[in-house]
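Dear colleague,

I am handing over the structure below, and after it you will find an account of what turned up when I went through it. Please read the two side by side.

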Amino acid sequence: MIEKQIIAGSACPCASGLGRHHCCELDLAQVQIVPPERHAEALAALTRAYHGGARETARRLALEILEMSPGQREALGALFNLLRDAGQAQAATSAIVRLARLFPNDAAIRSVAAGFFLQRHDLPQAYAHGRMLVRLAPEESVAHFLMGRIFLARGKAQAAEFHLQSAEQLAEPGKRDAPDLQAARAVALREQSKFGEARAIYERISAAEQLSVQMLLDWAALEEAARDFAAAFALLDRAEATRSGDPRVAVMRAGLHRRVQEPERALDAIDTSVTEGQPATLLSKGQILDSLGRYDEAFACFDLYKARLREGGARYLADEANQLVTALTDFFTEGRARLLPRAAVRQESAQPIFIVGFPRSGTTLVEQTLSSHPQISAGDELPIIGSIAQRAQLLLGSPGGYPSALSELWLGDRRGHVDTLRDLYLNEAHEMGVVVAGKRWFTDKMPLNETHLGLISLLFPQSPIIHLVRHPLDVVLSVFSNALTHGFYCASALESAATHYARIADLIAHYRSVMPLRYHAVRYEDLVTDQEREVRAMLDGIGEPFDPAMLAFHHNARHARTASYAQVTEKLYTRSRFRYRNYLKHLEPVIPILQPAIERLGYSIES
């Protein structure tokens, strides 16, 4: 009895059922890897129980084995399966991470881990395990298929297409036309605006009568991106006929009605969903109510949507965000900025134009405008600067992490490495297909790249930095009313969105005070009211002549992969200016957080 009380009192907080010292506080360095033969009888009973549906018995047996042998692979794998199936995400995460650390070169474990984190939309974890899987099993079709799906989720369509093609080539002849594989390729092609090729794949799958509901939805998204709305609605009808009452169909139908300026029909569509409490349904309904001017109801939907996400584990990583911003502020000082070397311009390559700004500030609008110029191609959201920051310690051979790793550039035998980092960026941009022959520039509008303005100024001191400025209350409201993960998951709550906005605003002001930047601010409100003047000013900063086609950016055929994809296919409008006024009473709690930035940027608060 005493022993049971001790075990119960030391239960791991993750709720795996194990004691904390055999679970999340386990010292992996001291774990002995135990072969299955040592627990052969118990493992056999565990397997029988699991496959026989006796899940509680299976769980009890797995826990008994792991309390004796915490590193027993089969028991830990079975416990992971049981926790995952039961929806215990935190405990399942602990189990699969522990498995991967104990057996780092086990391709099967890496495959399960990558798939688990991809399903949970934990893309950094999925990406890390997926890359290791491809390293371990480069000849396995399934490894490339999984890596392709992960790249798709990360918005890297060209890299995704490469792995999906590899998966097709490596698959057994009878599996190369597998619908899941071909449909994933179609999504990768769609995201590169290769609409005809993607459509041909869906038509082949349709002819074989193998289209799933998700494939029909993805095909409808393709037709929406191609602006064939009638075809998109027809595909949603097919999806509804395949699975009546599927909330995914209702949400997409509502979005499509909203896209074609039919908000009442959009609301009717979303109200037919039988699972209105689901996050995606709440978000869509809130956006529709907003377009109908029913602002209090809309905010209630957004608020409940964010609460549901937080219940699922989404939260602002405040400590991590604060540590990074503090480290950057402390490292980049006026004195150090003078000592740090700058990379030379690589003349034979197109150069980046960095479009920076908090998410929902208007960066997609500016990219669509600039990429309508004959000398500028659209790079979209390039993760390269963030990747270099993450790898800086390794790339520079520094004992410290980023940004302190950049101090290596002060040393005589490391000063040339700033050109190496520049080349790394440009080479990756070339591989991603954003550098177009005959064009002098390409855009990089990765959200919150402004966090790394110090690094950008070292690698590309001559590149224009176009900063989108918008009323802070409008930005935070828009972040709150959309599904976003950028910025350490700050969008999970209104207060955390405002807090991160204020942190980044302070950091930008610091960079501008201590470093020379080729900086040009564009005020969103001015851009939508005096478009030509602001476009000409941007081009003056870049050094390119004005082109009238830029004023008709909505005719730009490229597919924008952001929450603003629909807005940038419309003519310029002003209805999003000072939208915060409709929600002012709901925004009152965050006004003190944003007040310094509001005043610094020259805005005021009006009812």
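Predicted model: local features only at pLDDT ≥ 70, side-chain atom pairs only at ≥ 80, totals over all residues.

Strand E1 (residues 351–356) is mostly covered, with 6 of its 6 residues buried. In a regular strand the side chains alternate between the two faces of the sheet. In E1, Gln 351, Ile 353 and Ile 355 point one way while Pro 352, Phe 354 and Val 356 point the other way, and all of these are buried.

E1 is joined by 4 bridges to strand E3 (residues 441–444), and the two run parallel; within that pairing, Phe 354 has Asp 444 of E3 as its bridge partner. E1 is also joined to E4 by 3 bridges, again in parallel, and here the bridge partner of Ile 355 is Ile 466 of E4. Strand E4 (residues 465–469) in turn pairs with E5 in the parallel sense over 5 bridges, and His 467 has Ala 521 of E5 as its bridge partner.

**Two covered helices**

Helix H12 (residues 213–225) has 13 residues and reaches 18 Å from its first C-alpha to its last, close to the 18 Å expected at 1.5 Å a residue. Because 11 of its 13 residues are buried, H12 is largely enclosed by the rest of the structure. The buried residues of H12 include Trp 219, Leu 216, Leu 217 and Leu 222, and they also include Asp 218, Glu 223 and Glu 224. Among the elements that cover the buried residues of H12 are helix H10 (179–191), helix H11 (195–207), helix H13 (229–242) and helix H14 (247–259). Arg 227, which follows H12, has a positive phi, near 65°.

Helix H5 (residues 89–102) has 14 residues and spans 20 Å from its first C-alpha to its last, close to the 20 Å expected at 1.5 Å a residue.

**Cysteines**

How many disulfides does a search of the whole structure find? The search finds 0. The sulfur of Cys 24 has its closest cysteine sulfur in Cys 12, at 3.5 Å, which is too far for a bond, given that a disulfide needs the two sulfur atoms within 2.5 Å. Cys 24 is partly exposed, with a relative accessible area of 44%, whereas Cys 490, at 2% relative accessibility, counts as buried.

**Confidence**

The protein chain averages a pLDDT of 93, and 94% of the residues score at least 70. Two stretches should be read with that scale in mind.

With kind regards

Conventions
Residues numbered from 1 in each chain as written. Heavy atoms only, no water. Pairing = 2+ DSSP bridges. pLDDT = per-residue confidence, 0-100. Expected span 1.5 Å × (residues − 1). Buried < 20%, exposed > 50% of the residue type's maximum accessible area, 1.4 Å probe, protein only. Contact = heavy atoms within 4.5 Å.
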